[in-house]
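User: Could you take a close look at one part for me, the place where the two chains meet? I'd like to hear how one chain builds its side of it, and what that chain looks like overall.

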Amino acid sequence: MSYEDLPCVDFVELATEYLEGALPVDQRLIVEHHLAFCSPCVDYLEQMRAVIKATGTLCEEDVPEPVADSLMEAFRAISGEQP
Amino acid sequence: MTAAVASEELTLAQLRAGDEMAFRELVTSHNRAMKRVALTFVRSPSVADEVVQETWLAVIQGLERFEGRSSLKTWIFRILVNRAQSRGVREQRTTPFSSLASPGDEDGPTVDPDRFLPAGHAAAGYWSLTPSRFFELPEERILAEETAALVAAAIEKLPNRQQQVIRLRDVEGWEADEVCECLGLSAANQRVLLHRARAAVRAGLEEYFTEVVRV
């Protein structure tokens, strides 16, 4: 096995499977071997991690009060009907 | 019994007993993800709101019958997806699931081929233009509002199914198997969609923070 077994153009398509732990052992070893020698691909992988982190910071608005209120009302009404 | 299962059984018992706090908590934890997912099936935000509202009503009415064969969350989102899909069809928008083989969705490379050395070159397939170095910026940059806005904009531009997957996985923090169950995807398919979505967001950030290094 050598660094040449996996060109960068193929590595980039395996990045998510690698991060997900979904690669079979033999492929994971080839990926790790490639990473040991290829700093641009290490950079690429770090960027994917940065993307995941940045995406995780997206927060959206809370439930608007009127919506929450009407749902609570429906919950009260329906659970009141049931024994 | 795992802690998650125990807490879910507790929640379910509380909901069935008409515990309003438990219901409010459930709404708070899922409502916004439900709206985002609904919006990938239907075009209009007001229709998405209706779908979410209908889903909650169906959830309240179905609580007694819910058998716990899936998690509460997965059950809720399956109701949502079913309703959103049929509303999407009525809205005459092609639903994501009917376009399993839609071109440009799952084909082709996720990084511009020009970034790699061409066939015939001694090092064909290796970077010619290495990834630019936005990630080396301080952590504050990754967590900055500016970056969040770029990420949000990049996600908006993704094909529907990629949006669904990246929103549930990376925004909402769901596990892969939960996403597969909710959206009816195979594990491999889920990973492909996630990869394409993340790669597109990465490309968007790179373009913005561009500082391409030639080797």
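Analyst: Let's settle one term before we start: two residues count as being in contact if their C-beta atoms, placed from the backbone, lie within 7 Å. Also keep in mind that this is a predicted model.

With that cut-off, 37 residues of chain A are in contact with 44 residues of chain B. On the chain A side, α1 (8-19), α3 (39-56) and α4 (65-81) each supply at least two residues of the surface that touches chain B. The top contributor there is α3(A), which puts in 13 residues. Sort that side of chain A by class and you get 20 nonpolar residues, 10 charged ones and seven polar ones.

Now step back to the chain that carries this surface. Chain A has four helices and zero strands, so its pattern along the sequence reads simply α-α-α-α. The C-alpha trace tells you about the proportions, spanning about 70 × 30 × 15 Å along its principal axes.

As for what's tucked away inside, buried residues make up 25% of the 83 residues in chain A. And if you take the contacts within chain A between residues at least 6 apart in sequence, 60% of them join residues at least 24 apart.

Technical notes
Residues numbered from 1 in each chain as written. Chains lettered and ligands numbered in written order. Predicted model: local features only at pLDDT ≥ 70, side-chain atom pairs only at ≥ 80, totals over all residues. Nonpolar A, V, L, I, M, F, W, Y, C, P; charged D, E, K, R; others polar. Buried ≥ 20, exposed ≤ 12 C-beta atoms within 10 Å, placed from the backbone.
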